[in-house]
Amino acid sequence: MPARSRKRLFAPLEEWFFARYRDFSDIQKLALPHTLRGENTLILAPTGSGKTLAAFLSALSQLGERAAAGKLENAVYVIYVSPLRSLSRDIERNLAGPLAALNRSLPAAHQLRMDVRSGDTSESERARMSKAKPHLLLTTPESLTSLVSQVQWREAFRAGVVIVDEIHSFCESKRGSLLALTLER
C-alpha cells in the first residue's frame, strides 16, 4: 500500500503503529484501503495475521480525528460484537495501547472511552456507562439488544462502524438472527 495512494491514519495512531511494527501485515494492507474509505469489509485471515488491527485501525483513526476536532459527543461511534465475553476482554487489552496513544495526543476534555458491556457488567459500571457512554463499545449480541431497547442508549448510538468478530459462529443460529435484527434497528 504505497503511502501516496492511501488515506493516512490519524497521525498519533500512525506514530504508535510504526513505533511497534515495521510495516502493515498483508491482511492490513488489503483491508485498510477499504476500511479507511468506510466500505463494508470482510476480513478473513489466520490467527496472528494482524486481523484485530486490520479491523480497528480505521475506526480508531476516525475516533481520533473526531476527538481532535472537538466533535466527540457523549455517544457510541464504534461497536464491536463478539460471541464471547472473553473475546471482548482480549480486544480491550489489545486496544489499550493504541487508545492510550490517541488519548495522550488529545486534550483531557476530548479523551476517547472504551468499555466492555456484557451480562457480567456490574450495576455500578452500567450506571457509569449510562452517564459517560463509551465511544468504543465492546459487547455481545444479547447486551447490544438490551442497550438498543433502552431510550437513553438508543439515542446515543452514532455508530458508523460495527465490527462483528467470529461472524461464522452467528450463522444459522438464534444469536445470528438476534444480531441481524439488532443491527437493523
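**Strands first, then a helix**

Mentor: Keep in mind that this is a predicted model. Start with S2, helix H5 (residues 123–131) and S3, which form a right-handed β-α-β unit.

Trainee: In which sense do S2 and S3 pair, and over how many bridges?

Mentor: Strand S2 (residues 114–117) pairs with S3 in the parallel sense, over four bridges. For a landmark, find aspartate 115, opposite leucine 137 in S3.

Trainee: Which other strand pairs with S3?

Mentor: Strand S1 (residues 76–81) does, in the parallel sense and over four bridges. Here valine 78 stands opposite leucine 136 in S3.

Trainee: Are the faces of S3 covered or open?

Mentor: Take each side of the strand in turn. Buried means under 20% relative accessible area. On one side of S3 (residues 136–139), Leu136 and Leu138 are buried.

Trainee: Where does H4 bend?

Mentor: At alanine 96, by about 40°. Proline 98 follows within four residues.

Trainee: Which residues of H4 are buried, and what covers them?

Mentor: Among the buried ones are Leu87, Ile91, Leu95, Pro98 and Leu102. Ser88 and Asn103 are buried as well. The cover over the buried residues of H4 includes helix H1 (11–20), helix H3 (51–68), S1, S2 and S3.

Terms used:
Residues are numbered from 1 along each chain as its sequence is written. This is a predicted model: local features need pLDDT of at least 70, side-chain atom pairs count only at pLDDT 80 or more; totals for chains, interfaces and linings use all residues. Side-chain values use heavy atoms; hydrogens and water are left out. Buried means under 20% relative accessible area, exposed over 50%, partly exposed in between (1.4 Å probe, protein chains only). Helices (H or I, at least four residues) and strands (E, at least two) are DSSP runs, numbered from the N terminus. Two strands pair if DSSP finds at least two bridges between them. A crossover is right-handed if, with the strands pointing away from the viewer, the path from the first strand over the helix to the second runs clockwise. The bend at a residue is the angle between axes fitted to the seven residues ending there and the seven starting there. Contact means heavy atoms within 4.5 Å.
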